[in-house]
Amino acid sequence: MLGRVICARRRYLALPLLTVLVGAVSCSSSEDVAAPSPPGEAARHCRALHRELPQTVEGLARRAAEPVSDFTAIWGDPAVKLRCGVPKPDVLTYGSEHYNPKADAAEVDGVEWLFEKQEDGYRFTTVLRKAYVEVTVPGKYAPEVDVLTDLAGAVRRTVPKGV
């Protein structure tokens with residue numbers, strides 16, 4: 001009987017501690033990411049992608065993004081940020097002052113990515129897919145393109161080719 005009482009006390013003591021630890025991790029691991037608002041078909045593809053995204057990217061653990069959205073995900077600190085359902089990049093829009101018919105792009109594991117140098121790192125955006133997926137990678141993780149190898153499979157399975 002004494003063994004059962006001791007076990008019960010341990011469980012009751014562990015619950016508040018677990019709650020505090022989970023709360024601390026949740027509060028410290030979120031980061032603001034602007035959630036896009038993709039229309040119909042693109043939204044369906046983005047929700048499917050969200051379910052398929054890996055828990056780690058280049059060894060970086062997935063964290064909570066704020067606001068919580070099926071269209072965003074982050075890994076590491078500083079964060080690698082993914083946004084699905086973003087608008088078509090300006091450099092691909094004919095008639096835009098930023099249009100570049102020879103925009104830099106590369107294929108990574110069967111997925112074509114436009115890459116744009118940022119102040120600190122790169123922004124990669126899928127092209128020739130039914131939804132635009134944007135991944136921003138801080139320079140700390142150079143070579144930044146390595147992150148895409150962990151994401152390409154999920155994109156390939158959930159966001160069909162096409163425009």
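A residue is called buried here when its relative accessible area is under 20%. By that criterion, 38% of the 163 residues of the chain are buried in this predicted model.

**Overall chain**
- Along the sequence, the elements follow the order α-β-α-β-β-β-β-β-β-β-β-α.
- Contacts between residues at least 6 apart in sequence include 54% that join residues at least 24 apart.

**Helix α2**
- Helix α2 covers residues 40–52, 13 residues in total.
- From its first C-alpha to its last, α2 reaches 19 Å, which is close to the 18 Å expected at 1.5 Å a residue.
- The buried residues of α2 are Ala 42, Ala 43, His 45, Cys 46, Ala 48 and Leu 49.
- These buried residues pack against the strands β5 (80–86) and β9 (132–137), and also against helix α3 (147–158).

**Packing of α2 with α3**
- The axes of α2 and α3 come within 9 Å and cross at roughly 140 degrees.
- Angles over 145 degrees would count as roughly antiparallel; the two helices, α2 and α3, are therefore oblique to each other.
- The crossing in which α2 passes α3 is right-handed.
- On the α2 side, the contact is made by His 45, Ala 48, Leu 49 and Glu 52.
- On the α3 side, Ala 154, Val 155, Arg 157 and Thr 158 make the contact.

Terms used: Residues numbered from 1 in each chain as written. Predicted model: local features only at pLDDT ≥ 70, side-chain atom pairs only at ≥ 80, totals over all residues. Heavy atoms only, no water. Helix = DSSP H or I, 4+ residues; strand = E, 2+ residues; numbered from the N terminus. Buried < 20%, exposed > 50% of the residue type's maximum accessible area, 1.4 Å probe, protein only. Contact = heavy atoms within 4.5 Å. Expected span 1.5 Å × (residues − 1). Axes fitted to C-alpha atoms, helices over the stretch in contact; angles between N-to-C directions. Parallel < 35°, antiparallel > 145°, perpendicular 65-115°, else oblique. Left-handed = near helix turned anticlockwise from the far one by under 90°.
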